[in-house]
Amino acid sequence: MATAISLSRRLGAAVREVGLKKGAGGWYGPHMAAAERAILERVPLVDLVVEVRDARIPFTSAFESLRRRVCSHKHMIVLNKVDLANHSLTEKWLKHFENRSCLCYGVNAHNKDNIKELLSIVRAKIKELKVGESTYTATVLLAGIPNVGKSAITNSMHQIGRISAADKGKLKHAVVSPQPGETKDISSYKIASHPNIYILDTPGVLSPKISDDDSASKLALTGTIKDSLVEECKLARYFLAVLNSSEEYKHWENLKDAVDDTLSLNSREKLMADCHTNQKRRRQYSSDHTQDFIVKDVRVTLFKTMSSFSNYMEKENEMERLIESQFMALQEVFRVSLESSEDRYKAVAAKLLNLFRTGRLGRYTLDLVPSNMQELI
């Protein structure tokens, strides 16, 4: 784990340096600064502030500016992307926030049951805040750092709220993208009727000054910052260090056994037929790394490289050697055939990061729950 921390700090230092750059070289330009001012100006005017965070980094993904502006009784935290995070650690984080008297709920923005439950919680909280008022219209501000899924949650709440509404109104769609910074303006969407509740979807805001290297590397790995600002190869190497230091890869041992069993039990004729089918299938989809058989090959390859590596991975140079061997092995798995080694590395890194960020290579929570009673909200 010490080696992963070392890689994290090196990457984080580079990310923090990027954050301080002006103009196109950094991420905090005039547009984001204006968006932050507009969001904070609306905080005292709305009925409820829902801060969306990434369930993989529940503390690191906090929208720091809100902490000083929003009253605790009208502040709610939503941990999105629970489907990508470690389930047991998510439960511990939810318990942590509960112990801090903070209303918190974990969701997958694309899960209807999750969103229905979130809508119920929001309606109940609004009713509590509006006690004594029989008729009212409420406004909820959805805020957070880039790429935590605010627009995806907005779309789901708007669609489900519209279905149950007597007055359907026009269905709108917030722009959703895996790239950070796609939401440019604050937009209003109706999510409930009787009483009417509107939600304000807002652009993501990330301060140019990140507190420490470890936080910076986590934000970059989870996609808060555009990869082009950091270098995908550095991010992919950090992910492999995290994977190699975890227990996640051990879940893939049965995949290797299944492959070995198939090879030992099949007859020569069936084996040849299967090879022909696989070759045909691989030719057809060789450029699509998201195909199940390629993802399986990636998992088996990573499992084999880690299992066969007998050296002491706590030493940084040994971890670097393992990561280098994994990059080499994955070039074949991903069918990367570019001429220059630099282009091959970039292609492997981009595909590897995509599989991590879509949950195809396991579920990871990078923020550990604090063991003491320190103020982590």
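Rings of Phe, Tyr and Trp (its six-membered ring) pair if their centres lie within 6.5 Å. The exercises below use a predicted model.

**Exercise 1.** Find which residues ring pairs link into a cluster. Then classify the pair Phe-239 and Phe-356.

*Solution.* 
- Search the whole structure: five aromatic pairs turn up.
- Take Phe-239 and Phe-356. Their ring centres are 4.8 Å apart, and their planes meet at 35°.
- Planes under 30 degrees apart count as stacked and over 60 as edge-to-face. The angle is 35°, so this pair is tilted.
- Place the residues. Phe-239 sits in helix α8 (residues 232-244) and Phe-356 in helix α13 (residues 341-357), so the pair ties together parts 117 residues apart in sequence.
- Both Phe-239 and Phe-356 are buried.
- Ring pairs link Phe-239, Phe-356 and Tyr-364 into a cluster.

**Exercise 2.** Classify the pair Phe-327 and Tyr-345, and locate its two residues.

*Solution.* 
- The ring centres of Phe-327 and Tyr-345 are 5.0 Å apart. The planes lie at 5°, so the pair is stacked.
- Phe-327 belongs to helix α12 (residues 316-333) and Tyr-345 to helix α13, so the pair ties together parts 18 residues apart in sequence.
- Buried means under 20% relative accessible area. Phe-327 has 0% and counts as buried. Tyr-345 has 16% and counts as buried.

Key. Residues are numbered from 1 along each chain as its sequence is written. This is a predicted model: local features need pLDDT of at least 70, side-chain atom pairs count only at pLDDT 80 or more; totals for chains, interfaces and linings use all residues. Side-chain values use heavy atoms; hydrogens and water are left out. Helices (H or I, at least four residues) and strands (E, at least two) are DSSP runs, numbered from the N terminus. Buried means under 20% relative accessible area, exposed over 50%, partly exposed in between (1.4 Å probe, protein chains only).
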